[in-house]
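Reader: Please walk me through this fold. Begin with the surface.

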Amino acid sequence: MKHLGLKILLVLGLFLVIDQMGGLLLDTLRDHSPDGRYHKAKYTLEHCDEDVVVIGSSRAEINYVSQIIEDSLRMSCWNAGRGGQGMPYFRAVQEGILARYSPKVVILNIDDNDLEGAMAYEHAGFLRPFYSTHPEIRPVLDKTSKFEWLLLKSRLYAYNSSFYYLIRPYLVPGLDGKAEDKGWKPRPGTMDYDPGKKPESEPAKTPLNPEAVAAFDYMVNKFLEKDCQVFFVVSPNYGRSIGSSSAIEYLKKTSEKTGIPVFVYSADTSYITHPELYVDPEHLNIDGAQKFTRELVQQIKPYIQSSKQHSSNDEKVYKGY
Amino acid sequence: MLFNSLDFAIFLPIVFFLFWFVANRSQRLSNLLLLASSYLFYGWWDYRFLALLAFSSVLDYFVGSALHREENPQKKRLLFLVSMGVNLTLLGFFKYYNFFTDSFVNAFAFFGQQIHLGSLKIILPVGISFYTFQSMSYAIDIYRKKLTPTNDLIAFLAFVSFFPQLVAGPIERASHLLPQFFQPKHFSYQMISKGLKIMLWGFFMKVVVADRLSLYVDAVYNNVDMHTGWSYLVATAFFAVQIYCDFGGYSLIAVGCAQLFGFDLMENFRRPYFSASFREFWSRWHISLSTWFKDYLYIPLGGNKVSKPRNYFNLFTTFVVSGLWHGANWTFVIWGAVHGLYQIVEREIAGVRWLKLPKPLNLLFVFALTCFAWVFFRAATLHDATHIIGTILTNPGTSLYTGDLGIFAFSILGVSTLFAVDYCREYYPDFTLLNHRVVYVRFATILIMLIYIVSFGVFDGSQFIYFQF
């Protein structure tokens, strides 16, 4: 038994040493990434100080052109959207940003079903490499599994399955958007299937998920408490006309209570029937994103005229990161 | 409790410590500890079904004793039928009630008759197919006078509920496992070390390969109509490896875990995709279930000691029932039927010389046809299965869906590692890094595997596929 115990301790000891050393190496790769997902997450959590911050999933990341927002509003902008994410990630990003500063404007891109499905905590696990250095995001990540706090003592576990995206920016820069795109991930090309499809009719409404709604309410209230001007936006999908869903109705209800403007593009026929604006049914291509951002900014502009006039910090407007 | 959960990582060392240092002084105490641990392990999922497990076990214990005592053949037969009837009724109700009522309603609807039979929201008790079969084999063997019943209820209950193999096998026979509950256990470094290594490779197969592949397979199979034939083809090949690693990995964890307590469980998978025939495939795939069906269904039906047509009927029936055992859906029945047909055709063409292929081509051919059958196993409905097969055969397309490139790349990496290891075990069995004679090689292999599992494993608590069976 003693023999067995010693050998197990030896293996575990060696594993811990390799784990911590490997973690240091991976931290270095993460911190020096020229662009890509980890570079973006690090910038969002540790460095961004832009006036306007866009938060959402891939439809935020791909559909909002930061440069157009900057040029039109004369305010600096950072697109913090991340593909495949939902409310847990948005909350973690919010905590990371508000721990350092309060953006003047927050654009929340909410998908038509964002408040209806299950809370995808495991997707927010993408932020695990930042768990040890960012206590503010821990409450969200702790919900990814019962013993997440314990598992994350391992540095290799924190980088579990991340190696491809960690190394890719060194080999093929710019695939997830270049640094000068300020968080926007341009998607070139045009959707090549089903171009003649007519918009589907309104899908049946599914009930709201109380947990997602609670997280959303908390997020909105926290931004308002920090004097951020918040906008809700629902991006368009190709071929699906969704003027009303449980989530959209809830956004409108929240808007009535808080005065936050809501812009619903998911039933706008100048988008949903134009395949040339999309790279796939869910995401706009470069032309589509530019058109969408330009139109959105024109809608937002009147609401933030006064705050823009008060801003004297013009040199920040064109600052890169 | 899942094997790949931290709950189990805490549970196992505690039971291990108690077993060797507290309970091992007395056989009865050891069995009592294993019984309590097994019921805790099972109740962790849903304590309400512990009563079902206990009822099924106690029934077969008393029926087994009565069968042994009873001299009157008619009374003996009645007792036997009671045991079989109760076990199969429980299994049928919990697993097949909705399947049969839905099929009944659909059959009437096909002929234009509308009938209404309410479907029930029945929760399938985890592992019911496994422990029911294990418990039934005890009664059958006593009825056939191949086994003497035990008079130790605790040992019998521990045998049926033994936690390493309770919820997903291997399905052990009483003649092999039950006597081990009466043998004194001696702590041995080699035995424990071997068990831990077996578990380590099982975890690798489960969390690194199976769970990784499932991400791609689910993305394709859960969105039928949206993919090209090539994508379906790759997803199906991935699924073939996924289900092998899911179930084979689980079985290895079970075998290794049992070793930690001095128990020897049967080998359940032996590199099935290195089979050159379907007969060989079924001697390597889910061995405990295949032999169960062979002994308790195929041979009682007459086996091969009958005319050729009757033998083929027996084979076909056995595989169809085996398909139904895997799940309450027509897709599983078709899967079983396809394998039944493979067996029949294979026997028919066995003597045709010009059909003999070189071994590598034979392996590929068997693998390809096995994949064809897996489409039915994995697809949610028969319509989906036929759509997928039709798309593969008639419209393969030009593009391949890769989904998340990271997931796809790690899937390829996992499959390659598995293939390399299985290839070595198949053709160079003496070449083993985990049991290498040089201690540094053994240590380095263990460390690399641990790092591999922590770095590339999927740890979102996904269920073992075979839990549903």
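Author: The accessible surface of chain A is about 13600 Å², and carbon and sulfur atoms account for 58% of that. Keep in mind that this is a predicted model.

Reader: What share of the residues in chain A is buried?

Author: Buried means under 20% relative accessible area. Of the 321 residues in chain A, 55% are buried.

Reader: Which secondary structure elements does chain A have?

Author: Chain A has 14 helices and 7 strands. An open sheet takes 5 strands, in the order 2-1-3-4-5, with parallel pairing.

Reader: Why is one side of strand 2 and of strand 5 left without a neighbour in the sheet?

Author: Strand 2 (77-79) and strand 5 (262-264) of chain A stand at the edges, so each has a single partner strand. On average, neighbouring strands of this sheet are turned by 15° against each other, direction ignored.

Reader: How many bridges join strand 1 and strand 3 of chain A?

Author: Strand 1 (residues 52-55) pairs with strand 3 (residues 105-109) over 4 bridges, in the parallel sense. Val52(A) has Val105(A) as its bridge partner in strand 3.

Reader: What lies across strand 1, strand 2 and strand 3 of chain A?

Author: Helix 4 (residues 66-73) of chain A does, running at about 160° to strand 2.

Reader: And contacts along the sequence?

Author: Take contacts in chain A between residues at least 6 apart in sequence: 81% join residues at least 24 apart.

Conventions
Residues are numbered from 1 along each chain as its sequence is written. Chains are lettered from A and ligands numbered from 1 in the order in which they are written. This is a predicted model: local features need pLDDT of at least 70, side-chain atom pairs count only at pLDDT 80 or more; totals for chains, interfaces and linings use all residues. Side-chain values use heavy atoms; hydrogens and water are left out. Two strands pair if DSSP finds at least two bridges between them. Helices (H or I, at least four residues) and strands (E, at least two) are DSSP runs, numbered from the N terminus. Axes are lines fitted to C-alpha atoms, for helices over the stretch in contact, and angles run from 0 to 180 degrees between N-to-C directions. Contact means heavy atoms within 4.5 Å. Buried means under 20% relative accessible area, exposed over 50%, partly exposed in between (1.4 Å probe, protein chains only). Accessible areas come from the Shrake-Rupley method with a 1.4 Å probe; for residues, only the protein chains shown count as cover.
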